[in-house]
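Subject: Structure for you to look at

Hello,

I am handing this structure over to you. Please open it first, then read on for what was found.

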Amino acid sequence: MSLTPVSPQRYGTVAMSLHWLIALAIIANLAIVFLIEDMPRPDRMFWMGWHKSIGLTVLILSLARVAWRLTHPAPAHPVGISPAQRIAGAALHHLFYLMIIVVPLAGWLMVSTNPRPIPFFGLFDFPAFPGLSGMTREEAHPYHELFENIHVLVGWAFVFLVPVHIAAALYHHHFLKNNVLLRMIPGSKLRP
Ligand code: HEM
Ligand code: HEM
């Protein structure tokens, strides 16, 4: 397989792969918490196991993605984009980069305050965040509350912001007729 390098026109293979893997995993995790709400407790526990493993994968991929992005600039803005649109786009992208770290990190911190193991796809136990395990229930309580609040609040923010992000991509594609959507799609043919 030949790797598409980042060019002034489009994202590279690594940036595209990380974008779509992380997007899919986040949508799966939101779907899980949404769908399990009314399930019996054993089923909820089962699916929360998937939620945690998928979420920890997002954390690892997101750290790699941020490192990649810091060393590999994004393609140039298409012509005809107003400064307001540019600022709004950059603001949402920066916020997403923050959220894809903060949400799974807060989840990991939250479960690390429990003495329970954190199975990773049934393969091995993911370590607790250093310094958080071994507290009594009372000692752990305020930390658990704090991380839970951050996790749930910022986690649900995806539900509002992802549709805005998708709408912006479709607006670029169908109305502005530029390459903003195509340059994130592997193998797509860019418009001249
Ligand atoms: C990017 C990945 C993740 C997303 C988008 C996400 C999203 C969410 C959301 C929206 C909720 C709230 C559900 C509700 O209102 O009932 C939630 C709950 C929860 N998440 Fe995550 N999560 C992610 C990663 C993780 C990770 C890595 C862990 C732990 C290792 C985790 C553990 C939990 C737990 C235990 C709950 C239940 C909390 C509670 O309602 O008391 N999540 N998650
Ligand atoms: C949870 C889901 C998602 C997250 C967290 C996310 C996050 C991001 C981030 C941070 C960027 C900026 C990339 C960079 O410049 O380094 C980006 C770009 C992009 N995303 Fe998403 N994304 C998600 C889902 C989607 C979906 C479902 C679509 C489908 C339309 C999409 C379409 C795009 C496009 C077209 C770009 C390129 C924008 C540009 O070149 O300026 N994203 N996304």
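Which residues lie nearest the centre of the second largest pocket? They are V33, M48, H51, K52 and M110. Keep in mind that this is a predicted model.

First, the pocket. The second largest pocket has a volume of about 1300 Å³. Its lining counts 39 residues. Helix α2 gives the most, with 12 residues. By class, the lining has 22 nonpolar, 11 polar and 6 charged residues.

Next, the iron. Ligand 1 holds an iron atom, and its protein donors are H51 and H151. Each uses its NE2 atom. They lie 1.9 to 2.0 Å from the iron. H51 sits in helix α2 and H151 in helix α4, so the pair links distant parts of the chain, 100 residues apart. Both H51 and H151 are buried.

Last, the annotation. An unreviewed UniProt entry places "transmembrane region" at residues 12-36, 48-68, 89-111 and 150-171. Two of these spans were checked in the model. Residues 48-68 are 100% helix and 0% strand, with end C-alpha atoms 29 Å apart. Residues 150-171 are also 100% helix and 0% strand. Their end C-alpha atoms lie 31 Å apart.

Best wishes

Technical notes. Residues are numbered from 1 along each chain as its sequence is written. Chains are lettered from A and ligands numbered from 1 in the order in which they are written. This is a predicted model: local features need pLDDT of at least 70, side-chain atom pairs count only at pLDDT 80 or more; totals for chains, interfaces and linings use all residues. Side-chain values use heavy atoms; hydrogens and water are left out. On a 1 Å grid over the protein atoms alone, a cavity is a set of points where a 1.4 Å probe fits but cannot get out, and a pocket is an open set with protein on both sides within 12 Å along at least five of seven lines; lining residues have an atom within 4 Å of a point. Grid points are joined across faces, edges and corners, and a volume is the space filled by probe spheres set on the points. Helices (H or I, at least four residues) and strands (E, at least two) are DSSP runs, numbered from the N terminus. Ala, Val, Leu, Ile, Met, Phe, Trp, Tyr, Cys and Pro count as nonpolar, Asp, Glu, Lys and Arg as charged, and the others, Gly among them, as polar. Donors are N, O and S atoms within 2.8 Å of the metal (3.2 Å for Na, K and Ca); water is not among the atoms, so sites may look incomplete. Four donors count as tetrahedral if all angles lie between 85 and 135 degrees; four count as square planar and six as octahedral if opposite donors are over 155 degrees apart and all others between 65 and 115; anything else is irregular. Buried means under 20% relative accessible area, exposed over 50%, partly exposed in between (1.4 Å probe, protein chains only). UniProt positions are given in the numbering used here, feature names are shortened, and annotations may be inferred rather than shown by experiment.
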